[in-house]
Amino acid sequence: DVHLDNLPLTLRSEKYRALFKIQAEIVHGFRGYLIQQGFIEFQAPKIVAAAAEGGAGVFEVQYLKNKATLAQSPQLYKQIMVGVFERVFCVGNVFRAEEHATTRHLNEYTSLDLEFGMIEDHHDVMNLETDLLRYVLDHLDKTVARELKLWNYARPELPEKAPVLKLREVQELIKKETGVDHTKEPDLDPSEEKWICEYVKEKFKSDFVFVTHYPTVKRPMYTYVDKDDPEFTKSFDLIFKGVEITSGGQRFNDYNELVASMNSKGLNPKDFEFYLEAFKYGMPPEGGLGMGLERLTARLLDIDNVKYATLFPRDLNRIDLQIS
């Protein structure tokens, strides 16, 4: 807290100047790779009419005449823009009104988002992210080698194809190896994310693992359902050194399927009329991802608390100064 309460001064230290120069180059690498791959950057709005994640954990905006919230994600706008440019990305802040006071949660963070059309399924999105991360790691080696050295950085291991495991496969492994049975749970808890990363590091020589097929009931309404196993979705999280840094997957591109998904989750399609307009006249098979910049930075440099990898952290207990 002493460090965070005095950021106007502590950010001037050599080590923290280096940290945020590294973070700037992560963003430059993210942009550079996607521009090379034909992606167009756009600016997504931060004041929105509906919550992309289904309505929970949003900050309401009182000023406007209509009900509005701060954006949890640029998701709906990314999908609209796939219908315009086919391949798009954006970099910007997002807001989560979650009452977390942990070493891995923030109420405002920077999201690195991309979305693209003409995919086969979620594997295309995972393959692109693997290539993207390799490009970013190479970019950091070229541009901030001195700064990385100040943090005793060791380049993470990322094989040509990062390991991919279904959620239930991970849970069965954990049950077999540890005796803990969470095979009916809809997600991994933090200790399980750490465990599976240690497992794939040893078995596959990888610091990254994709976990796929999260339950349909727990994923947002736009997430594509696996037609061969409708209880689960063609979605994924990327877990890096024990912490989830990315959520992504294939999305519904059919108007009627998307409306049916909204109805099944108790959402009113009329609240999403603007978004749905993009799907009425055709949308290619598409998918994408959102990656937390601060979590990625923290895991790259083995920083235990994401707040140290956040330039001016906002959370339940802090806006600039710690809230008494």
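These questions and answers cover a cavity and a helix pair in a predicted model.

Reader: How much space lies in the largest cavity?
Author: Its lining includes Ala-44, Pro-45, Lys-46 and Asp-113. The space in the largest cavity is about 60 Å³.

Reader: Which strand gives the most to the lining of the largest cavity?
Author: Among the lining residues are Cys-90, Val-91, Gly-92, Asn-93 and Val-94. The top contributor spans residues 87-95 and gives 5 residues. That element is strand 5.

Reader: How do the residues of this lining divide into nonpolar, polar and charged?
Author: Ala-71, Ser-73 and Pro-74 are also among the lining residues. Gly counts as polar here. The lining of the largest cavity divides into 7 nonpolar, 3 polar and 2 charged.

Reader: Are helix 3 and helix 5 oblique or roughly parallel to each other?
Author: Helix 3 covers residues 14-36 and helix 5 covers residues 122-143. Their axes come within 8 Å and cross at roughly 130°. Angles over 145 degrees would count as roughly antiparallel, and 65 to 115 as roughly perpendicular. Helix 3 and helix 5 are therefore oblique.

Reader: Is the crossing of helix 3 and helix 5 left-handed or right-handed?
Author: The crossing angle is roughly 130°. Helix 3 passes helix 5 in a crossing that is right-handed.

Reader: How do the residues of the contact of helix 3 with helix 5 divide?
Author: Helix 3 brings residues including Ile-22, Glu-25 and Phe-30. Helix 5 brings Leu-128, Asp-131 and Tyr-135, among others. The contact divides into 10 nonpolar, 6 polar and 2 charged.

Technical notes: Residues numbered from 1 in each chain as written. Predicted model: local features only at pLDDT ≥ 70, side-chain atom pairs only at ≥ 80, totals over all residues. Heavy atoms only, no water. 1 Å grid on protein atoms, 1.4 Å probe; cavity = no way out; pocket = protein on both sides within 12 Å on 5 of 7 lines; lining within 4 Å. Points joined across faces, edges and corners; volume = space filled by probe spheres on them. Helix = DSSP H or I, 4+ residues; strand = E, 2+ residues; numbered from the N terminus. Axes fitted to C-alpha atoms, helices over the stretch in contact; angles between N-to-C directions. Parallel < 35°, antiparallel > 145°, perpendicular 65-115°, else oblique. Left-handed = near helix turned anticlockwise from the far one by under 90°. Contact = heavy atoms within 4.5 Å.
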